[in-house]
Amino acid sequence: LGGGGRAGGATPAGSMEAVYRAVIGGQGEILSTPDQLAVQVQVAVQGNVCKLMMRYQNKNPVAVDNFNVAIAPAAFLQVQAQTPMTNIGGGAFIMQQIQFQVKDYFGEPPKITLTYTRQGQAVSCETWLPISLTKFFQPVQCTKEQYFNVWGKISGAPNEITKVFKGKKAIVKQEVEQAVAGAKYSVLQGVDKPENVVGAAKVNLGQGDVYCVIRMEMEPAQWAFKLTVKTSNAAVTEATRSVLMHLLAAQA
């Protein structure tokens, strides 16, 4: 996303990894532009409603003018957003509250575009909002029999995805379990081989429960993973894959 990094063009966008870390942590910085405008966010979810408190901080001593935030329309979202102030003084910040009601299952998080001027130079930058479908999941504790019952009922694309990929660093099983838990899956013990990480979850946006199971097989000597995701909804499957790979993969 973005490119150029110059006045009058789009600055580099925030990384999807940073966005998903904000998804999992509930807060974080999702964008920092070359001219020192930083975007932080706090996320709260209740039911199918997601509330974001946005903080736009101007770390540059030169003021920002004509500031505007545009949220890309998405059929799966109903949006209510406060209109932010149009000026951010040097070293100052402004706040904006955005509320989303999720009406359907979705894949990629929604995008926002920030536009402003600094000393008469126009700047535009784009990033994603930290809203992942996994934010609406509920971890599920289940027995080995229940887990493999769901596992056995789902086979083949698009509801089943298997990805083999390299990690960012040496594999620590506890960190993998933390990523799985952050994606709102349970971390099940005694269900699969002890060297694997497996989990289960469910999500319901008013259309009935969608059950989800994952298995993460690891090859520590190679920094390698084999991730299998099985759910009864293709968008739910893709959302799980995207979150876990962006957190764990060297390239997602």
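Biologist: What covers the buried residues of helix H3?
Modeller: In this predicted model, the cover includes helix H1 (16-25) and helix H4 (234-248). Strands E12 (197-203), E13 (210-219) and E14 (224-231) are also part of the cover.

Biologist: Which residues of H3 are buried?
Modeller: H3 spans residues 173-182. Its buried residues are Val176, Ala179, Val180 and Gly182.

Biologist: Where do they sit around the axis of H3?
Modeller: On the same side of H3, because they cover an arc of only 165 degrees around the axis.

Biologist: Why would residues three or four places apart point the same way in an α-helix?
Modeller: An α-helix has 3.6 residues a turn, so such residues point the same way.

Biologist: And what follows H3?
Modeller: Lys184 follows H3. The phi of Lys184 is positive, near 70 degrees.

Biologist: Switching to the strands. How many residues of E12 are buried?
Modeller: 6 of the 7, so E12 is largely enclosed by the rest of the structure.

Biologist: In what sense do E12 and E13 pair?
Modeller: Antiparallel, over 7 bridges.

Biologist: What about the hairpin of E12 and E13: how many residues lie between the strands?
Modeller: There are 6. In this hairpin, Gly206 takes a positive phi near 95 degrees.

Biologist: How many bridges link E10 and E12?
Modeller: Strand E10 (residues 138-139) pairs with E12 over 2 bridges, in the antiparallel sense.

Biologist: Which residue of E12 stands opposite Gln138?
Modeller: Lys202.

Key. Residues numbered from 1 in each chain as written. Predicted model: local features only at pLDDT ≥ 70, side-chain atom pairs only at ≥ 80, totals over all residues. Heavy atoms only, no water. Buried < 20%, exposed > 50% of the residue type's maximum accessible area, 1.4 Å probe, protein only. Helix = DSSP H or I, 4+ residues; strand = E, 2+ residues; numbered from the N terminus. Arc of directions from axis to C-beta. Contact = heavy atoms within 4.5 Å. Pairing = 2+ DSSP bridges.
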